[in-house]
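Please read them with the structure open.

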Amino acid sequence: MWQKHFEKYGSDSFTIVGIAMDVEGIAPAKRYYEKHGVTFHALVDPNYATRFGYVPWTFFIDEHGVVQDHRNWQEKIKPEDQLKPMTPKVRAR
């Protein structure tokens, strides 16, 4: 599912990062990513350092590094020329 979104929206201003939670390490995750043709960045967290557990999580981080609500995310993607510069107010959030 996310591969299709990456192919449609992927750019310098939008990317996807997958994190595989696999105690067996990189090999099983790599097989999965290769089997499904994943071309976005993919990481492995065999020690569950991210603390996401076993439940799939989806979250979006805007151009300022602020986590945003993921509902209707396609409508929130802005063209690069509309991205706002980082401000002290946004940085403080």
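1. Buried stands for under 20% relative accessible area, exposed for over 50%, and partly exposed for anything in between, with a 1.4 Å probe and protein chains only. Helices (H or I, at least four residues) and strands (E, at least two) are DSSP runs, numbered from the N terminus.

2. This is a predicted model, in which local features need pLDDT of at least 70, side-chain atom pairs count only at pLDDT 80 or more, and totals for chains, interfaces and linings use all residues. Residues are numbered from 1 along each chain as its sequence is written, and side-chain values use heavy atoms, with hydrogens and water left out.

3. On confidence: pLDDT is the predictor's confidence in each residue, on a scale from 0 to 100. The average for the protein chain is 76, and 76% of the residues score at least 70. Helix H2 (residues 26-35) has the highest confidence, at 88, while helix H4 (residues 88-92) has the lowest, at a mean of 65.

4. On the overall arrangement: the protein chain has four helices and four strands, in the order α-β-α-β-β-β-α-α from the N terminus on. Contact means heavy atoms within 4.5 Å. Of the contacts between residues at least 6 apart in sequence, 52% join residues at least 24 apart.

5. Accessible areas come from the Shrake-Rupley method with a 1.4 Å probe, and for residues only the protein chains shown count as cover. The accessible surface of the protein chain is about 7,600 Å², and carbon and sulfur atoms account for 54% of that.

6. Which residues of H1 are buried? They are Gln 3, His 5 and Phe 6. Because they cover an arc of only 160° around the axis, they lie on the same side of H1; the arc is that of the directions from the helix axis to the C-beta atoms. Lys 4, Glu 7 and Lys 8 are exposed on the other side of H1.

7. Gln 3, in helix H1, counts as buried because its relative accessibility is 10%. Beyond its neighbours within four places in sequence, Gln 3 contacts Gly 37, Val 38, Thr 39 and Phe 40. Gln 3 and Thr 39 are 36 residues apart in sequence, yet their C-alpha atoms are 7.1 Å apart.

8. Phe 6 belongs to helix H1 (residues 2-9) and, at 19% relative accessibility, counts as buried. Not counting residues up to four places away in sequence, Phe 6 touches Thr 15, Ile 16, Thr 39 and Phe 40. With Phe 40, the C-alpha to C-alpha distance is 6.9 Å and the sequence separation is 34 residues.

9. Asp 45 is in the loop between strand S2 (41-44) and strand S3 (60-61). Is Asp 45 buried or exposed? Asp 45 is buried, with a relative accessible area of 7%. Residues up to four places away in sequence aside, Asp 45 touches Ile 19, Ala 20, Met 21, Asp 22 and Thr 50.

10. Trp 57, Phe 59, Ile 61 and Val 67 make up a nonpolar surface patch, with about 440 Å² of accessible area together. Patches consist of residues with over 30% relative accessible area and no salt bridge; like charges are joined within 9 Å and nonpolar side chains (Val, Leu, Ile, Met, Phe, Trp, Tyr) within 5 Å. A salt bridge is a side-chain nitrogen of Lys or Arg within 4 Å of a carboxyl oxygen of Asp or Glu. Val 67, in strand S4 (residues 67-68), is exposed, with a relative accessible area of 53%.
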